[in-house]
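Student: I have a chain open on my screen and would like to go through it with you. Could you take my questions as they come?

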Amino acid sequence: MGMTEILRLKLLVFGLVFFVDSSASAPDECQQDTIRLRSQLRTLESRVMRQLELIEQLRSQQAEPALTNSFVDLGELKDYADCAQIYNNGTKGSGFYMIKPLNSPSKIKVYCDMSDGGGWTVFQRRSDGSESFDRNWADYKQGFGNMQSDSGEFWLGNDNLHYLTSQGDYNLRINMADFDDNQRYAVYKRLKVASEQDSYQLAFGKYSGSAGDSLSGSYHPEVQWWASHQGMKFSTHDRDNDRYQRNCARDDKAGWWFNRCHSANLNGYYYKGPYSALTDSGIVWYTWHGWWYSLKSVVMKIRPEDFEPNEV
């Protein structure tokens, strides 16, 4: 019911009140009718006010944003090392699950993406700029962000990323979209993230995809020495491990595997498309949109290299 209908109901009730009150001076023979009308009017007024209260409650509920949380409890009977095992055990829906990588001291909550063939464990998502990724070493070590909403932004944690990639050979897939709803992807063989002792050093293999190879900097051999992220240690504004004389993480507002500084920075500041800043601090994938365009959405996810979907 819209505001016009609500106003009409109110005017109807008040009009009837005025009519009945004005009839109070009627002759005696009308007094019985007047009493009856007043009784009916009070009942009608009570019903109308109750309807108005219900309408306001519904309007307030509709105004509250819905929080989607597709957590799936698989019970305690079995530990799953990653989302690929969950998929091949017959659970094919995307959502939040509990897993326990082999070397992890405890179970961790992850988002399993069952698209693109299924079985992907997501460790990073950017979607709307609601989370700051300009975080310190401890935050990136433990993980942060919205692990409740299916579209929430988060970083799973460098310790967890190490536990996952140290238990086998994992492929990395990066899905990206710009503000014109164009989409690209990049796949890298054999992603490895070292332990904290080695500053979460990054290693990866051969590239394939449609977004271009920004991680290795192979798009131009003359810049690869400073643009490649191969073998780089993780840096944050309070733990500088890059090869630049300045602090790349501080300049580019992100924790990342910086060199001098980057050709890819998917943890950068959430600008909306083309931007101007003192540094190329946006969500950058150079081989698609260059340094001065910030992407709309990113998902980084991993899956065992030898994964074969069980369709039974």
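Student: Is R190 buried, partly exposed or exposed?

Tutor: This is a predicted model, and in it R190 is partly exposed, with a relative accessible area of 47%.

Student: Which residue does R190 form a salt bridge with?

Tutor: R190 pairs with D169, and the closest N and O atoms of the two are 3.9 Å apart. The two residues come from distant parts of the chain, since R190 belongs to strand 7 (residues 183-193) while D169 sits in the loop between helix 5 (158-165) and strand 6 (170-177), 21 residues apart.

Student: And how exposed is D169?

Tutor: D169 has a relative accessible area of 34%, so it counts as partly exposed.

Student: Let me change topic. What does K301 meet in a salt bridge?

Tutor: The side chain of K301 meets that of D113, with an N to O distance of 2.8 Å. This pair also links distant parts of the chain, as D113 lies in strand 2 (residues 108-113) and K301 in strand 14 (residues 297-304), 188 residues apart.

Student: Is K301 buried or exposed?

Tutor: K301 is buried, because its relative accessibility is 0% and the cut-off for buried is under 20%. D113 falls under that cut-off as well, so at 11% relative accessibility it counts as buried.

Student: Which residues are linked in a network of salt bridges with D113 and K301?

Tutor: The network joins D113 and K301 with D116 and R173.

Student: What about D139, which residue does it meet?

Tutor: The side chain of D139 meets that of R135 in a salt bridge, at 3.5 Å from N to O. D139 itself counts as partly exposed, because its relative accessibility is 24%, whereas buried would require a value under 20%.

Student: How many salt bridges are there in the whole structure?

Tutor: A search of the whole structure gives 14 salt bridges, and the pairs we have discussed are among them.

Student: Now the overall picture, please. How many helices and strands does the chain have?

Tutor: The chain has eight helices and 14 strands. It is made of 312 residues, of which 43% count as buried. Among contacts with a separation of 6 or more, 56% are between residues 24 or more positions apart.

Terms used:
Residues numbered from 1 in each chain as written. Predicted model: local features only at pLDDT ≥ 70, side-chain atom pairs only at ≥ 80, totals over all residues. Heavy atoms only, no water. Helix = DSSP H or I, 4+ residues; strand = E, 2+ residues; numbered from the N terminus. Buried < 20%, exposed > 50% of the residue type's maximum accessible area, 1.4 Å probe, protein only. Contact = heavy atoms within 4.5 Å. Salt bridge = Lys/Arg side-chain N within 4 Å of Asp/Glu carboxyl O.
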